[in-house]
Every structure is written in C-alpha cells, then in structure tokens.
Amino acid sequence: MTLKYRCRVFNFDDFVMEQRRKYLIVVIYDITDNPRRTRLSKYLEGFGVRVQKSAFECILDQATYERLLAGIPGIIQSGDFVRVYKLTGNADIRVWGDVPLTADTEVVII
C-alpha cells in the first residue's frame with residue numbers, strides 16, 4: 001500500500017497588515033488525566049484540526065492565537081505538558097510543564 005503524500009506550504013507575508021495575518025499554530029500535549037485531556041482536546045477543536053492523538057494544527061490570526069493561549073492555563077494542572085508553536089518567519093514557542101525549552105546551541109564546523 002502506498003501512502004498518499006500531501007504538502008502545504010504556509011507563506012508568511014510581511015506586507016499583509018497585522019490584523020489580516022494568519023499564523024500556523026501547532027499544539028502538542030501530554031496529559032494523563034482522561035477528563036482533563038478530553039477537556040483540552042475539545043477546547044482545541046474550537047481552534048483547529050487534530051492531526052495526531054495529542055497534536056492539533058490551527059491557522060489563526062493574532063487575536064485568536066492569544067485567546068487560545070489564554071484558555072490553556074484554566075484547563076491544565078501541575079504535571080501536565082503543553083507546547084504551542086507559532087510558526088512564522090520568527091517562531092514563538094510556549095511551554096507548560098516540566099520539559100524545558102530546547103536550548104539554542106551554536107555549532108561551528110571547521
């Protein structure tokens with residue numbers, strides 16, 4: 001069986017007014033409590049599409065992105081893990097939980 005390959009290029013245009021810009025947002029999470037996990041997934045369904053069991057993709061303007069971020073802390077608790085990636089020319093990563101942000105290391109090859 002051959003898997004179907006699909007590609008979508010998401011262009012970020014600096015010339016579009018901020019109010020009309022859309023951003024590709026990826027949300028991943030790891031929550032062990034079933035009711036809380038279900039509550040978060042239902043919340044995220046209001047913003048985007050589930051692409052994996054614990055991953056959503058959303059295309060949002062800035063105001064809707066901020067509304068998505070504002071609702072997450074009211075759902076999760078200590079021990080839960082949520083990462084939100086705002087993918088644009090300059091990526092923005094928000095993290096809730098014990099896993100730290102990936103460190104930026106400079107690599108020099110001689």
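So, let's start where helix 1 starts: a side-chain oxygen of D33 comes within 3.0 Å of the backbone nitrogen of R36. Before I go on, this is a predicted model, where local features need pLDDT of at least 70 and side-chain atom pairs count only at pLDDT 80 or more, while totals for chains, interfaces and linings use all residues. Residues are numbered from 1 along each chain as its sequence is written, and side-chain values use heavy atoms, with hydrogens and water left out.

Okay, helix 1 itself. Residues 34-45 make it up, twelve in number, and from first C-alpha to last it reaches 16 Å, close to the 16 Å expected at 1.5 Å a residue (the expected span is 1.5 Å times one less than the number of residues). Helices here are DSSP runs of H or I with at least four residues, strands are E runs of at least two, and both are numbered from the N terminus.

Which residues of helix 1 are buried? They're R36, L40, S41 and L44, with buried meaning under 20% relative accessible area, exposed over 50%, and partly exposed in between, using a 1.4 Å probe and protein chains only. Seen down the helix axis, those buried residues fall within an arc of 135°, so they line one face of helix 1; that arc is taken from the directions from the axis to the C-beta atoms. P35 and K42, on the other side, are exposed. And what do the buried ones pack against? Strand 1, strand 2 (49-52), strand 3 (55-60), helix 2 and strand 4, where contact means heavy atoms within 4.5 Å.

Q77 sits in the loop between helix 2 (62-71) and strand 4 (81-87).

That takes us to strand 4, which is mostly covered, with five of its seven residues buried. R83 lies in this strand and counts as buried because its relative accessibility is 6%. Strand 4 runs antiparallel to strand 1 (residues 23-30), joined by seven bridges; strands pair if DSSP finds at least two bridges between them. D30, for instance, has F81 as its bridge partner in strand 4.

Zooming out, the chain has two helices and five strands, in the order β-α-β-β-α-β-β.

Methods
Polar contact = N/O pair within 3.5 Å; in protein donor to acceptor, adjacent residues only side chain to side chain.
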